[in-house]
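Hi,

Here's the structure I promised to pass along.

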Amino acid sequence: MHDDIPLTVGRATRVLKERIWPAVHGPSVPLTVAWHELDGEPIPPAEALGLSYTPYEVGIPWGAAWSTTWFRLTGQVPQAWAGQRVELVVDLGFDPNMPGFQCEGLVYRPDCSPVKSLNPRNQWVMVAESATGGETMELFVEAAANPVLLDYHPFLPTDEGDLATASPRKLYTTRRMDLAVFSEQVFGLALDFEVLLELQAELPDGPRRMKILQALDDSLDRLDLQRVVDTAAEAREALVAVLSSPAEPSAHAIAAIGHAHIDSAWLWPVRETIRKVARTSSSMVELIGADPQFRFGMSSAQQYAWLKQHRPEVYTQVKQAVADGRFIPLGGMWVESDTVMPSGESLVRQFLYGQRFFEAEFGIRCKGVWLPDSFGYSPALPQLMRRAGFEWFFTQKISWNQVNKFPHHTFMWEGIDGSRVLTHFPSMDTYNSQLSGMEVAKAARQFKENRVASTSIAPVGWGDGGGGTTREMAGKAARLADLEGSATVTWQHPDDFFAQTRAELTQPPVWVGELYLELHRATLTSQHRTKQGNRSTEHLLVEAELWSATAAVRQGLPYPYDELDELWQQVLLHQFHDILPGTSIAWVHREAVAEYERVRRAAETLIERAQASLVGNGDREIQLNAAPFARQGVPAGGAIATADRPEPAQATEVIRDGESYLLRNDLVAITISSQGLITSAVDRASGREAIAAGQEANLLQLHQDFPNMWDAWDVDRYYRNRVTDLRDVDSIEVSTDNGVAQVVVERAISAESRVRQELSLAPASRVLQIQQTTDWHETEKFLKVAFPLDVRAEHTIAETQFGYHKRVTHTNTSWEAAKFECSMHRFLLVEEPGFGVALINDSTYGYDVTRDSTPDGVTTCVRLSLLRAPRFPDPQTDQGTHTHRYGLVVGAGVAEATEAGALLNTSARHITGDHGFDPLVSIAGDGIVVSSVKLAADRSGDLVVRVYESLGKRTEGELTLACRHDAPAVVSLLEEPLPEPENRADTDATGGVRLSLTPFEVRTVRFPRPEPHQRG
């Protein structure tokens, strides 16, 4: 036979696009439309339905950026349509290629009950399943004029990302607001054609493909293109045989779950996300009612909480669908957070608040963590997931790697402590599947575990900006349930998928360490104020809990449960993976910075109230220490009257030596050049030099920074090719204050930007602290600070949650070379046997490291990433004044780096009162660190203490409570009982809890309500 494949495919494709799809909605009549344009922010639907409306004509422009317009639609179903399905069809000015990224609407009935959403891929609303003819209709549309920011030419700077700078012009023009007859047969024919066309495109030239092509030709021969509605059923009959041929027994199985992945903020503000959640949820409830097989999954307890608070009419529907097992809460977290930058306590609270919400509202506990889109995953996460009671982990983001293809799709992921969790990446490499033939074939073809397993997950639906699964996708799923030549598709709860996978894949491969994303590396630096706010409020809330718990136990002061819950939830929200990473519009980051300031003030109020209760009334100066390490004679978690402290160490010297300055105390000697650069840093006990010979540390370096795309997200490795060293100084001054020697340096970065550094060395300290203030007005630049160190380091040791992570310093393979920008928390350490140097910081997360060969051997240069200036999506990213604190710790190991980092991030406090007090909780044991002291979340009054092993080795110690208490128990991160014998807390005769910890182990101990006990 002649090769007619291109002819058949071309014929079927054109007819489908130009004749079949347009005939799905047949006869139509226009509606009578009225509108009301809101002047400001959105209002509750009940209020909006009572507004005054004026006549509107389709085709009139509407909606300036971020505005809301309410449309009232009225009409009557023609008598001739009796017995037919009638739908409302609305085109607000949609671009079908941008669902979730432009205008959207939510349809309401006059009684304020929601119907479903309108978006570029979902432009219909059912009016009558079987019309009687003559019935009247009235509906309201809340239309949101969200501007398109990620356009066909993406990443262009735009001022539309904030109300303050958005233009007043109207962005959209309606095209259609009609009642129309919906043809079930034409719709079915369209899906039949689409599924078969996409399937044949993935098949080899064999019998199955040829039979599909012949069936398509036969169907087209039966279809009258001028009478599509009348002949669709006959055309479909020609496709029955090829659509009913079952899949091969060995076919790959796809476990589909409806999905929308609604970013809690990104190219829209939080207030718009609240409405996106309502729109998507209403449509998914509608689809659940229409398709008995369909299941939809939505993560993020915060998004359900928004529905409950702001759109209770939608929440009522969702709650019923959850009870029916069709609308599935996923992930067990407050939001889909970043997991690289939040502290360990923050990740614990993500799980705690997420799971508690789902259980309180729905009686459900999530079994797995669902994070499809975060930008890399911390190696501390497996332990935290397991200790919070999770059984599995899901993501797909690592498929975005620039260089290396990840070797597994289903595997065990092992964390820094040795904990393992069953993990799955969808082999179709998307969290926004449309169930296209290409996606389904890709899932089967590239599934890495095909030899030993047969199933992968497909999250199905329009996402990022919401929208979710469409009836077209559901129709495809029905046709792909058991179809020859295709993987099978079944709507399935992810818990069931992981249970089947665990049974099928009895010896899964193992991946050890971080899941590093070879992309979006600059998210460790962009929007510094957001990151600084996160770091400071994380520490402040832990401190507020410590003093509040101490005051509750010691003084009987009421514990501020409500206040702490609200503040934590705000911090957790802003750890969402497009807020904390700095990749949202200006509006989002402006609000985030303001919210961090509100949280800071509120936390300070809680701290002051608790501390005042603890020290009593008086006029003595009291120093309090919330850090987990002693500071200036004040124990961790305790307070001492300043007069009772030990004598301070001898003051630091500052000596002018020609053109340089020497800062020296009993431990270290630091030489600073006339350019304000560190030329020497000596450990005085050993005489060991930390700075590489002939090199200068604290060298600010400015790079050109214009990535290929994803401006706020990416830094491409070629940025290193162009660099300016900032050596020139405008002024340099020296001083001594309270025994602390200080050198102050001011210099220009450019004609527009300046920087001031205060380099100080305190008595008895190994830390040269640098307080930096930068007036930053650069464009597409990257500011780093370099420390070339005379250390032959095989690894960097970077703090992560509850421990540290080692990364090699060489680039032997493409995997190591791709890690040219990496993450840290409060410290980064490089060491060789017998000597190490650490860098600590208060708001920095990114760094890079290089190995340099010199005549004297190999040295290690570490650079902290300080500021960027990308122009998309916020064209004013990081403009203005910034502060950083970082420090050089000379002669440090992991213990010294851990302590110095903690002390830098937790300030000493000085207040007036009558007396100090002993710590409520005391720890003995090498490397054991107290992470938090709080009252239990269930408000029982029980005390919860969390500790972790920080040095990466086995250790033993003791936890002591300075009050009377009953027998404690070891509990989960959710503060709940563990099974025997895991729950046993071994106590000694004095009531102290003996601790025997494995490397990086996190242990949570719960003490039954301790008795209030005054200081003794």
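Predicted model: local features only at pLDDT ≥ 70, side-chain atom pairs only at ≥ 80, totals over all residues.

Another pair to look up is tryptophan 266 with tryptophan 713. Their ring centres are 6.2 Å apart and the planes sit at 90°, so this pair is edge-to-face too. It links distant parts of the chain, 447 residues apart: tryptophan 266 is in the loop between β13 (253–258) and α7 (270–290), while tryptophan 713 is in the loop between β30 (699–704) and β31 (723–726). Tryptophan 266 has 5% relative accessibility, so it counts as buried. Tryptophan 713 comes in at 1%, so it counts as buried as well. Both belong to a cluster linked by ring pairs, along with Phe101, Phe155, Trp268, Trp400, Trp710 and Phe872.

Then there are two helices to look at. Helix α10 (residues 344–362) packs with helix α16 (residues 561–573) at an angle of about 110°, their axes 10 Å apart. Angles of 65 to 115 degrees count as roughly perpendicular, so that is the label for α10 and α16. The crossing of α10 past α16 is left-handed. On the α10 side the contact is made by Ser346, Arg349, Gln350 and Tyr353, and α16 brings Leu564, Asp565, Trp568, Gln569 and Leu572. Sorted by class, that contact has 4 nonpolar, 3 polar and 2 charged residues.

Cheers

Methods. Residues numbered from 1 in each chain as written. Heavy atoms only, no water. Axes fitted to C-alpha atoms, helices over the stretch in contact; angles between N-to-C directions. Helix = DSSP H or I, 4+ residues; strand = E, 2+ residues; numbered from the N terminus. Parallel < 35°, antiparallel > 145°, perpendicular 65-115°, else oblique. Left-handed = near helix turned anticlockwise from the far one by under 90°. Contact = heavy atoms within 4.5 Å. Nonpolar A, V, L, I, M, F, W, Y, C, P; charged D, E, K, R; others polar. Phe/Tyr/Trp six-rings, centres within 6.5 Å; stacked < 30°, edge-to-face > 60°. Buried < 20%, exposed > 50% of the residue type's maximum accessible area, 1.4 Å probe, protein only.
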